[in-house]
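Subject: Handover of a structure

Hello,

I am passing a structure on to you. Please open it first and keep it beside you while you read the notes below.

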Amino acid sequence: MERDPHQLIEGMAVGAYAIGSTEMYIFCRGEFAYAARQLERAAAEAYEAGILGKNIMGSGYDLDLIIHRGAGAYICGEETALLEAIEGRRGQPRLRPPFPATHGLFSKPTVVNNVETFACVPHIITNGADWFKGFGTEKSPGTKMFCLSGDVERPGNYEVPFGTPARDLIEGFAGGVKGGKKLKAFTPGGASSTQFFGPDKLDTNMDWESVMAAGSLLGTGAIIVFAEDVCMVRAALRYTRFYAHESCGKCTPCREGTYWMVNTLERFENGQGREEDIAIMNDVAGNIIGRSFCALGDFSIAPVTSTTKLFADEYRQHIAKGGCPFDR
Amino acid sequence: MSTSTLQETKVVTQRFDAPDGARLDGYRRTGGYEALRKALSTRAPSSATQTKASPARSKTAS
Amino acid sequence: MGAPLTAEQAPVNLTIDGEDVSVPAGTLIIRAAEEMGKYIPRFCDHPLLDPLGACRQCLVEVEGQRKPLTACTTPVAEGMVVKTEFTSELARDGQEGVLEFLLINHPLDCPMCDKGGECPLQDQALAYGPGSSRYIDPKRRFTKPVPISPLVKLDRERCVLCARCTRFSDQIAGDPFIELFERSALEQVAIFEDEPYESIFSGNVIQICPVGALTSSTFRFRARPFDMASADTTCNRCASGCRITVQTRRGELVRVLAKDDHEVNDEWICDKGRFAHPYAQSPERVVEPLVRKNGEFVAVSWAEAVQVVADRITAAREAGKGSAVIAGQQLVDEDAYALSRFARTVLGTNDVDARRVLGGEDEDAVLAALPKTITAANQDIDTAKLIVTIGVDLHEESPIVFLRVRKAGRKGVPVREISARRSAGNVQGARWTACRPGEEATLLAGVARALEARGNSGLDPSTRAAMQGVDPTSEMQELAAALQGVHGSVVILVGERLAAVPGALGLAWNITKAVDGTFGWIPRKAGARGAAWAGLHPALLPGGRSVESTDDRAAFGEVWGIDPPSRRGRDARAIFRTAPELGVLLLAGADPATDFADRQQAARGLDDAPFVVALDMFLTESARRADVVLPAAAAYERNGTVLNWEGRPRPVKAAVPPAGLAQADYEILAQIANAAGGEFPQTLEALRKEIKALLVQPAAAHAVTVGQLARPSADGLVLATHRPLLDDGTMMKGADALAQTAAPVVVEINPADARGLTSGEPVVVHAPLGEVRAPVLVTDAVARGVVFVPAHAGFAGRAGEAVTVEKAGG
């Protein structure tokens with residue numbers, strides 16, 4: 001959105017034309033002030049040049065673009081909560097069915113996709129589907145922007161074909177763990193990766209099927225790297241606090257369950273964790289997943305379940321030491 | 001800071017380093033909006049078929 | 001037999017816990033389970049609210065689905081195999097999990113929470129919960145309780161965020177003043193900062209809240225459910241006829257709840273019906289018979305009081321002096337009938353009137369027709385394709401009928417309001433046609449004319465005569481087109497007070513007939529339809545029969561033993577004008593010195609009448625002018641029947657014994673009749689037996705005589721007025737919290753007439769019979785050329801009168 005806003009606009013326009021829609025909306029996070037400005041500017045340019053508006057590019061087709069800025073709720077990334085927000089209501093997900101494809105924005109059939117998806121479209125149209133399928137794997141064709149962050153030398157976005165091994169991204173593009181430290185863990189797909197990966201999974205190919213076979217989800221492709229001296233309990237606490245804060249509050253399991261997990265993790269952080277808390281948290285997680293109204297609940301448990309499974313010893317060290325073993 | 005020897009495959013990021021990539025003139029100079037022109041000149045169904053043939057998977061977890 | 005069922009109608013077969021059940025397509029699993037007597041626990045689900053699926057309590061296992069589903073949002077499918085917690089570990093685990101979650105932040109308030117003992121959270125936690133909680137961390141805290149209105153207190157800690165209250169306000173009442181704010185564990189019910197929770201239906205959220213988050217400020221800490229005795233009866237605060245449950249603790253009325261009745265009030269009542277019960281146990285109740293001796297009221301025995309009255313009646317008869325009866329519109333049917341009979345057989349007069357609006361020929365015709373005609377019912381509102389209201393503000397005057405109309409509006413049924421002042425009730429897509437008071441007859445005549453021009457041949461001669469010379473405006477044309485377009489499924493609801501405009505009622509009736517619609521007569525008072533049916537009218541006998549018909553009089557004579565008098569009696573106005581000549585003037589539940597438009601005339605009449613007997617609960621403006629006051633029982637204190645606006649009989653059942661020595665009106669009349677000589681039915685059974693013998697089966701509508709149309713209103717400003725729901729009536733006594741939710745008195749005027757007045761300024765309204773001072777509100781919810789003053793503002797004014805408005809303090 002910041003560097004190539006027209007690409008997004010063009011991809012959306014093609015999509016809108018394909019389904020016969022004359023209205024497009026970009027829901028841009030409220031915090032992304034620069035991106036929003038870039039988008040507004042690009043939209044103005046496009047209107048000026050007759051690429052948007054009435055009779056676009058002389059085709060007889062009308063097409064409008066509205067850039068809607070959010071007010072800071074992560075839940076508005078959930079497609080029906082996003083639609084609610086655009087309609088002026090609180091960003092809480094809707095009951096499905098009906099699905100947005102039949103009853104979406106203002107009850108009209110609506111297609112909702114992410115920025116990266118639409119950004120691919122102009123290239124596919126120009127170069128053909130076969131060209132796009134030439135990158136990546138059979139089940140995960142094309143390229144992906146992977147976002148490398150955390151304890152790496154060169155954090156940043158790197159676009160590579162699907163199927164690129166995680167090692168290439170972490171040690172190759174991003175220059176390996178910062179300061180030459182050892183890798184403790186990484187997320188294949190951001191905070192909502194259902195399972196964190198250890199160093200043994202560095203050779204996993206980053207495509208949908210391979211990551212799933214290795215026990216996690218590729219998700220957003222946000223690879224966050226944890227060095228050997230990062231406290232995984234603290235990491236879990238930070239992630240879970242995020243989910244608890246962003247939970248929309250509509251459904252009981254996510255609202256109350258994330259609150260519970262945060263409180264328990266805070267006790268561990270303060271040295272008041274108990275052995276039984278590990279099992280209790282996992283049971284709480286089991287009462288959230290598959291029971292909540294939307295996927296936020298499902299993903300909110302991943303940091304807890306993942307770290308208690310892979311790094312249970314760190315939790316126990318918090319109990320034994322009465323605090324974080326990584327604090328000096 | 002050393003740089004990697006690996007090369008990115010720049011499809012959606014190909015204009016990111018261009019100084020005018022975010023502007024309309026820079027976008028059009030590098031072939032921008034030709035896809036839209038192509039789509040508009042065909043009947044809508046064929047464009048839909050084109051993108052359908054390449055199942056670009058949803059890029060988020062949900 | 002009939003047409004084969006469509007796919008939508010065909011029943012769906014599924015199994016729940018191994019048992020087969022068959023339900024209509026579209027049924028939710030949770031409802032299908034209820035059909036088989038199976039209760040799936042729930043909080044956010046409510047059969048009358050749109051499904052939400054938020055609380056997740058109703059999780060069930062459905063074969064073939066990888067996750068448990070919420071039974072309250074999932075419709076049944078053919079061959080579906082559902083397992084509830086009885087047969088599914090997954091469902092049981094899911095439900096236990098949700099209850100454990102709900103309790104982690106729920107305060108342990110049970111010992112001091114009103115809801116204890118009738119609390120779905122308590123009950124379901126016990127039945128479906130884990131038994132003990134593993135949570136040891138602090139709970140979220142909120143300041144509590146927070147009054148969100150004078151009637152409702154909010155405790156956010158107890159709230160389980162089921163959104164029943166917010167959905168009720170938004171979907172059912174159309175008053176979205178209460179909403180969920182914030183996110184995550186801080187999510188809470190709240191009201192907007194400058195907009196308190198002002199809804200006449202606010203009490204319903206207390207009843208549907210599944211925990212003690214919303215409590216009644218007047219009932220708080222008063223009683224536990226198991227401490228109370230309950231009586232199911234019918235509310236009498238308007239003519240909707242809602243079923244209610246009246247609860248008492250040690251003989252004290254403490255609470256009124258809505259009772260389910262899907263044909264009338266669904267599961268709702270308005271705040272007046274819920275909170276305005278304290279009058280019945282007010283210390284101001286008259287509890288003993290009072291007889292004026294030496295100018296002062298003295299308490300006497302029933303025997304003495306009855307004898308005093310009977311002696312005066314006998315004396316009046318012997319002296320050839322006529323007696324008269326002014327009846328109220330709150331009487332229970334059997335009392336109204338007894339009164340009508342009493343007037344004719346004991347007092348020997350047709351000078352009986354229960355009306356407070358004296359209209360023209362068409363008013364008589366409609367009142368005579370009502371008992372004999374099938375009129376609109378709630379089901380007609382449900383199935384109508386067009387609903388029209390004329391001269392009535394449903395939201396103020398019959399709230400539960402308003403809810404019914406709003407429900408239709410939500411489904412997309414067009415609703416048209418014709419009135420001088422747009423109702424504040426929120427009906428989706430409703431259209432308002434502004435009409436100055438007094439001009440309704442002309443408007444309807446124009447509509448009739450336009451109907452005929454569009455080919456309608458169903459208009460009767462009196463309507464056709466009345467509509468001559470009226471040129472339909474484009475508005476009238478449009479209304480006629482709308483009516484003609486839904487021939488056969490339009491409901492026209494007309495206010496009783498439209499009788500003040502001669503011809504309007506009659507035209508509305510006849511137009512309804514001409515378009516094959518159903519006609520609804522909406523009075524404000526609960527006993528108005530019963531009064532019409534009982535013949536509390538100078539020309540009518542019970543059942544809409546006529547005093548001027550030999551056959552009708554004979555039929556009554558057969559049952560009563562005496563023929564009713566044959567001459568048409570005098571109406572209320574004439575009765576007061578000729579008061580000095582009367583023998584006995586009997587008031588039964590009537591307070592003309594307060595209620596009549598010309599209250600000075602009524603008060604003078606009462607002062608001038610030689611002997612006034614008042615049957616009443618309080619020493620009203622009228623009763624305190626009487627010579628004898630006989631204490632009447634309140635509706636909560638006796639049994640009986642009341643006809644609601646549909647003409648549907650609604651049962652009244654005593655919840656408490658009568659206050660002091662009070663008796664039901666029919667009992668009082670029987671005793672007086674006994675003392676005055678002659679046969680009179682003594683019991684409810686005896687009255688009902690007579691009524692049954694005289695019953696008329698309602699049939700399809702016949703046209704009524706329209707008579708003379710009202711003359712057009714004067715140019716300039718005319719007055720529009722009616723009583724709001726929350727007024728200053730005697731039956732609002734003691735309901736202080738409720739009274740605080742009443743709208744303040746303002747004078748409403750259209751911007752086109754405001755001439756420099758700004759909202760909030762004090763103004764004076766001058767009317768022929770008096771004046772009133774109040775702040776002005778400039779609003780386009782009032783027709784041009786109209787000043788609206790609520791009728792409890794303390795002045796005497798009639799709708800349609802010419803008035804002037806000026807700044808006060810000049």
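The notes below cover confidence, the chains and their contacts, the domains, and then some local details.

This is a predicted model, in which local features need pLDDT of at least 70, side-chain atom pairs count only at pLDDT 80 or more, and totals for chains, interfaces and linings use all residues. Residues are numbered from 1 along each chain as its sequence is written, while chains are lettered from A and ligands numbered from 1 in the order in which they are written.

Confidence

The predictor gives the complex an ipTM of 0.94 and a pTM of 0.93.

How the chains meet

Two residues are in contact if their C-beta atoms, placed from the backbone, lie within 7 Å. Two pairs of chains touch, and the most contacts are between chains A and B. Chain B and chain C do not touch, and their nearest C-alpha atoms are 16 Å apart.

Chain B has three helices and zero strands, with its elements running α-α-α from the N terminus on. Helices (H or I, at least four residues) and strands (E, at least two) are DSSP runs, numbered from the N terminus. Of the 62 residues in chain B, 32% are buried. A residue is buried if 20 or more other C-beta atoms lie within 10 Å of its own, exposed if 12 or fewer, and partly exposed in between, with C-beta atoms placed from the backbone.

The contact between these two chains takes 40 residues from chain B and 60 residues from chain A. On the chain B side, helix 1 (24–29), helix 2 (34–41) and helix 3 (44–53) each supply at least two residues. Helix 2 of chain B gives the most, with seven residues. By class, the side of chain B that touches chain A has 18 nonpolar, 14 polar and eight charged residues. Here Ala, Val, Leu, Ile, Met, Phe, Trp, Tyr, Cys and Pro count as nonpolar, Asp, Glu, Lys and Arg as charged, and the others, Gly among them, as polar.

In the other pair, 23 residues of chain A are in contact with 25 residues of chain C. Helix 8 (232–246), helix 9 (252–269) and helix 10 (275–288) of chain A each supply at least two residues of the side that touches chain C. Helix 9 of chain A gives the most to that side, with eight residues. This side of chain A has 10 nonpolar, eight polar and five charged residues.

Domains

Domain bounds come from an automatic or database domain assignment. Chain A is divided into domain 1 (5–127), domain 2 (143–227) and domain 3 (232–321). The C-alpha centres of domain 1 and domain 3 of chain A lie 35 Å apart, and eight residues of domain 1 of chain A are in contact with seven residues of domain 3 of chain A.

For chain C the assignment gives domain 1 (11–104), domain 2 (138–281), domain 3 (290–358 + 529–693), domain 4 (363–525) and domain 5 (718–807). Domain 1 and domain 2 of chain C have C-alpha centres 27 Å apart, and 11 residues of domain 1 of chain C are in contact with 13 residues of domain 2 of chain C. The side of domain 1 of chain C that touches domain 2 of chain C has nine nonpolar, one polar and one charged residues.

Local details

In helix 3 (residues 79–86) of chain A, seven of the eight residues are buried, among them Leu82(A) and Leu83(A). The buried residues of helix 3 of chain A pack against strand 1 (23–28) of chain A. Just after helix 3 of chain A, Gly88(A) takes a positive phi of about 95°.

Ala35(A) is found in helix 2 (residues 33–48) of chain A. Ala35(A) counts as partly exposed because it has 19 C-beta neighbours inside 10 Å. Leaving aside neighbours within four places in sequence, Ala35(A) is in contact with Met1(A), Glu2(A) and Cys28(A).

Regards
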